[in-house]
Amino acid sequence: MPTDLRARQRQLADRIRRTGLPLKVVLTLLTKGDVFDGDSVVLADRVRDRLPAQRGLVLITTDGDSPGSLRGFEWPADTHQAREAVAAAGFLDETRNAGLADLTAKAVDLVAEGRGEQRYAEATKHLRAPGTRTDEGKTPDGTCGWLPAAIPLALVLALALALTTLATRALRRRRGPVASVPHLVFAKARAAEEAELHRRAEAEILALGEATPAADVTTTPGLQAALDAYAAAGGVLDEARGLPDLAGALALASEGQDALDDTPGLPLCFFDPRHGRAALRTPWHRLGHRDRLDVTVCRTCADALRDRRRPEVLTDRDENGRTMPYFEIPPERSVWAATGYGSLMPVSAGFSRHRTVSPT
Ligand SMILES: [Zn+2]
């Protein structure tokens, strides 16, 4: 990659760091039929899915529908008005003939400013006035960025920033390998997470299995419950298809151990059982829901809720392959969503029922 492009990468990376936001930029060529099927939404979901759980994420990506344009995404939604801020960057006079690096820099600045809705309204005001410039890239849904067509395509390929593992990788070629890089990196990270959780759950189950024969049936009222949880945990571990199941095996083993010890404590953290045993029970409003749930949370998640930050949550995929917090999956489809890993009901009870209704 030419030296000036490396310098631009560094400048942009510095700019992103200075915002202090959980902001990532992924610029890559998107074409129909590639690993993202040319769709920036797929790219964004993939990035989100493959990153380790984190409190929030603002993502600026290439717009698959409009080469040379950018799109903004963020989780949780609307925290920084990033979608509108990124779209606004493409409508400004100052970015009219800008290259992608300058456009990205402007988008970063606008996201950091946090007034995306207002910026977008101002930048697109002329489009709503009758008879003026309506032929210049109007966006039907008002969400996609727009950019003059003169952006050199080479720049689109030249930058892949801020994802830690990608930041230093130059995108040298136009096709194929460019898009596959993030996929491989993220798949590897997820696999490592799964291997670690598998090892941890297996160790807990083995410890429970070793403890149960030593228990005295006359003085251990929870022995049968412990044996049931042990059997369920082993079954879940054997058939685990990803992090949510592995976390379930962990939660069942923990429940079994509690039954055996006859010291029922709080279950594991509702938001992600990998956080360990919950420290307290707290009311929690789900985004977009009116109802209030009582959930058990670890200390870190409790602090996050208190500070109105989103806790780090365990994600799962719905039937369409979309990644979301595991508890957003309909409870009839996920025993983990139904039980909250023991936070909403004993996970073993939920699992037994699930096994009863499941056709398999
Ligand atoms: Zn937690």
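Predicted model: local features only at pLDDT ≥ 70, side-chain atom pairs only at ≥ 80, totals over all residues.
**Notebook: the zinc site and its surroundings**

I began with the zinc ion, which is coordinated by Cys269 (SG), His275 (ND1), Cys298 (SG) and Cys301 (SG) at 2.1 to 2.3 Å; donors here are N, O and S atoms within 2.8 Å of the metal (3.2 Å for Na, K and Ca), and since water is not among the atoms, sites may look incomplete. Residues are numbered from 1 along each chain as its sequence is written, and side-chain values use heavy atoms, with hydrogens and water left out.

I then looked up the geometry: the angles among the 4 donor atoms run from 97 to 118°, and the site of the zinc ion is tetrahedral, a label given to four donors if all angles lie between 85 and 135 degrees. For reference, the ideal angle for four tetrahedral donors is 109.5 degrees. Along the chain, the donors of the zinc ion follow the spacing C-x5-H-x22-C-x2-C. Cys269 lies in the loop between helix 10 (243–261) and strand 4 (280–285), and Cys298 in the loop between strand 5 (292–297) and helix 11 (299–306), so this pair ties together parts that are 29 residues apart in sequence. Helices (H or I, at least four residues) and strands (E, at least two) are DSSP runs, numbered from the N terminus.

Are these two cysteines buried or exposed? Cys269 counts as buried at 0% relative accessibility, and Cys298 counts as buried at 6%; buried means under 20% relative accessible area, exposed over 50%, and partly exposed in between (1.4 Å probe, protein chains only).

**Helix 11**

I next followed helix 11, where Cys301, Ala302 and Ala304 are buried. They cover an arc of only 160° around the axis, which puts them on the same side of helix 11; the arc is that of the directions from the helix axis to the C-beta atoms. On the other side of helix 11, Arg299 and Arg306 are exposed. The buried residues of helix 11 pack against strand 4 and strand 5, with contact meaning heavy atoms within 4.5 Å. Just after helix 11, I found that Arg308 takes a positive phi of about 60°.

**The cores**

Which residues touch the most other members of the largest nonpolar core? In this set of 34 residues they are Phe270, Phe271, Tyr326, Phe327, Trp336 and Tyr341; a nonpolar core is a set of buried Ala, Val, Leu, Ile, Met, Phe, Trp, Tyr and Cys residues joined through side-chain atoms within 4.5 Å. The elements that give two or more residues to this core are helix 8 (177–211), helix 9 (223–239), helix 10, strand 5, helix 11, helix 12 (335–339) and helix 13 (347–357), and the largest share, 8 residues, comes from helix 10. Apart from this core lies another, of 25 residues, among them Leu70, Ala85, Ala89 and Leu103.

Not counting residues up to four places away in sequence, Phe270 touches Trp284, Val295, Thr296, Tyr326, Phe327, Gly340, Ser343 and Leu344. Tyr341 is found in the loop between helix 12 and helix 13 and is buried, with a relative accessible area of 1%; its phi is near 55°, a positive value in a residue other than glycine.

I then moved to Glu74, which is found in strand 3 (residues 70–75) and counts as buried at 11% relative accessibility. Leaving aside neighbours within four places in sequence, Glu74 is in contact with Leu57, Val58, Thr79, His80, Gln81, Ala82 and Arg83.

A cis peptide bond joins Trp75 and Pro76, with omega about -10°, and Pro76 is placed in the loop between strand 3 and helix 3 (82–89). Gln81 lies in the loop between strand 3 and helix 3 and has a positive phi of about 55° although it is not a glycine. I keep in mind that most residues other than glycine have a negative phi, and most peptide bonds are trans.

The buried residues of helix 3 pack against strand 2 (57–62), strand 3, helix 4 (100–113) and helix 5 (116–123).

**The whole chain**

Last, I noted that the protein chain has 13 helices and 7 strands, and that buried residues make up 49% of its 360 residues.

Terms used:
Tetrahedral: all angles 85-135°; square planar, octahedral: opposite > 155°, others 65-115°.
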